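Biologist: Could you walk me through how the helices pack in this model, with the cut-offs stated as you go?

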Amino acid sequence: MPAPKTSVTQAQEVYRPVLLRGLTALGYAAISIFWFGADQKVLSYSTAGLLVLTGVFMWQYASVNSAPVKARGLYAFGAGIMLMAGITMLFASTPAMVAYLAAAGLIAAGIAEIAIFVKYRAVFPPYRNQLISGAVAVLVGAALLFAGGMDIHGVLGLIGGSAIVFAVFELIAAFGHRHDSRKKEVTAEND
């Protein structure tokens, strides 16, 4: 049985949140690479921004009209934990606190995304991408659980390194959705 294809409508609906999620990760990756004098505030605020924006875009992705309604509760759980970890991160005063809060948000969201992949990828083909994003989130979250002894640059680098992987994957997926969303337009021009 061939894998279900993403419809034009589905691709049009998910393109924006997937693209914005990838750009958010890319922005964090740039901060982690190019901000040489990063201090605790930079670590806390940038990581809070990453988690909050990722949670918002996860929810936007899950709430598109063509997505299965049953999947929204699980996605809302993952996105909600990510948002709460991000908001709490604003008050983090040590690299260890940032690492543990980020781990909680990433692991919860990653498990939710893997569960979404397992249960709903046949019903909603864009969810096929959730395996990679969920796995990256869980792996980085697990690594952050052991990062309590790292300094600011270590935690920033660990999260930033995963953000690079995540940004590349999400941006490729976004442009794939953009390509799929134009199939209707190309077909209409050829008629």
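Biologist: Which residues of helix 2 meet helix 3, and how many of the residues in the contact are nonpolar, by class?

Modeller: In this predicted model, Ser 44, Thr 47, Ala 48, Leu 51, Val 52, Thr 54, Gly 55, Val 56, Met 58, Trp 59, Tyr 61 and Ala 62 of helix 2 touch Arg 72, Tyr 75, Ala 76, Gly 78, Ala 79, Met 82, Leu 83, Ala 85, Gly 86, Ile 87 and Met 89 of helix 3, where contact means heavy atoms within 4.5 Å. Classed with Ala, Val, Leu, Ile, Met, Phe, Trp, Tyr, Cys and Pro as nonpolar, Asp, Glu, Lys and Arg as charged, and the others, Gly among them, as polar, the contact has one charged, six polar and 16 nonpolar residues.

Biologist: Are helix 2 and helix 3 roughly parallel or antiparallel?

Modeller: Helix 2 (residues 40-62) and helix 3 (residues 69-89) pack with axes 8 Å apart and at an angle of about 165°. Because angles over 145 degrees, on a scale from 0 to 180 between N-to-C directions, count so, helix 2 is roughly antiparallel to helix 3.

Biologist: What does the secondary structure of the protein chain come to?

Modeller: Helices are DSSP runs of H or I with at least four residues, and strands are E runs of at least two. On that basis the protein chain has zero strands and seven helices.

Biologist: What share of the 191 residues is buried?

Modeller: Residues are numbered from 1 along each chain, and the local features need pLDDT of at least 70, whereas totals for chains use all residues. Side-chain values use heavy atoms, without hydrogens and water. With buried meaning under 20% relative accessible area (1.4 Å probe, protein chains only), the share in the protein chain is 48%.

Key
This is a predicted model: local features need pLDDT of at least 70, side-chain atom pairs count only at pLDDT 80 or more; totals for chains, interfaces and linings use all residues. Angles under 35 degrees count as roughly parallel, over 145 as roughly antiparallel, 65 to 115 as roughly perpendicular and the rest as oblique. Buried means under 20% relative accessible area, exposed over 50%, partly exposed in between (1.4 Å probe, protein chains only).
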